[in-house]
Amino acid sequence: MVGPVRPLFVLFGSSIVQISFCNGGWGAILSEIYARKADIITRGYFGWNSRRALQILDQVFPKEAEIQPSLVIVYFGGNDSTGPHSSGRGPHVPLPEYIENMKKIGTYLKSLSDKTRVIFLTCPPINEAKVRVNSVYFSELVRTNELCRTYSAALMELCKELGINAIDLCTAIQKREDWQDACFIEDGVHLSAEGSKIVAEEILKVIKEAEWEPSLHWKSMATEYSEDSPYDLVAADGERTLNPSEWAYHREIQWE
């Protein structure tokens, strides 16, 4: 543990979370935006479904922990929504069970503390053509946009019931005209940098609009060690120093 202690954001989910710091991923985007404001950590597990998430939920988020997360962003569903395998093995989870699992996860996370906020992400769409090409590496792999839509819609309904903020990635990504080509890497499932930008934008929008006290919007949060210092760079007039703690000129996108 290093100090000072900052608010803690946890990204919890399957591969969309595990690789969210790769290649301009949405986890990396959030971490840069919240630099000097919050610590963002990942608990992502490639290939996992909601059943496996429930098995370790209390280990990842122990209720006795001294510091509880201020925000947990959860993504499970892409693997759950694959078609069932004839052997009974594999990541498929029937829709009713998936929704019950996500309900247990959401309820548990909300119980961690009065200040723990939760955002659920639904399945993004996929590029079915690319998925079919890569399906030769798997046995009886069935992954379609219709299944993604079905599981996404059901999760959105659950979140309304539980009062959990949710982001419909299946809809958000498809708003971009060239989404099939621009938003995925070669496997047709995982997000490219362009796809991750959409995820980050949607998350920031939810955080900004949420009526949370205290606000977790990055512009509302204190910046660590932001006081003026005589050691800052000296301005052109030679009289003042320039405090760089809020500078954001380096960002490709000036996020809101």
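A pocket, on a 1 Å grid over the protein atoms alone, is an open set of points where a 1.4 Å probe fits, with protein on both sides within 12 Å along at least five of seven lines; lining residues have an atom within 4 Å of a point. Grid points are joined across faces, edges and corners, and a volume is the space filled by probe spheres set on the points. The model is predicted: local features need pLDDT of at least 70 and side-chain atom pairs count only at pLDDT 80 or more, whereas totals for chains, interfaces and linings use all residues. Residues are numbered from 1 along each chain as its sequence is written, and side-chain values use heavy atoms, without hydrogens and water.

**Second largest pocket**
- The second largest pocket has a volume of about 340 Å³.
- It is lined by 16 residues, with L8, V10, I41, R43 and I67 closest to its centre.
- Both β1 (8-13) and β2 (39-44) give two or more residues to this lining; strands are DSSP runs of E of at least two residues, helices runs of H or I of at least four, numbered from the N terminus.
- The lining comprises 12 nonpolar, 1 polar and 3 charged residues, where Ala, Val, Leu, Ile, Met, Phe, Trp, Tyr, Cys and Pro count as nonpolar, Asp, Glu, Lys and Arg as charged, and the others, Gly among them, as polar.

**Largest pocket**
- The volume of the largest pocket is about 540 Å³.
- Its lining has 32 residues, and N79, T82, F138, L141 and R143 lie nearest the centre.
- At least two lining residues come from each of α1 (15-18) and α5 (128-134).

**T116**
- T116, in the loop between α4 (95-110) and β4 (117-121), counts as buried because its relative accessibility is 6%; buried means under 20% relative accessible area, exposed over 50%, partly exposed in between (1.4 Å probe, protein chains only).
- The T116 side chain makes a polar contact with the side chain of S113 at 2.7 Å; such a contact is a pair of N or O atoms within 3.5 Å, one able to donate a hydrogen and the other to accept it, and residues adjacent in sequence count only if both atoms are side-chain atoms.
- A polar atom of the T116 side chain also lies 2.8 Å from the backbone oxygen of P69.

**Nonpolar cores**
- A nonpolar core is a set of buried Ala, Val, Leu, Ile, Met, Phe, Trp, Tyr and Cys residues joined through side-chain atoms within 4.5 Å.
- The largest has 37 residues, of which W26, Y34, I73, I119, L121 and I203 touch the most other members.
- α9 (193-209) is among the elements that give two or more residues to this core, and with 7 residues α9 gives the most.
- Another core lies apart from it, with 33 residues, among them V10, M102, C123 and C148.
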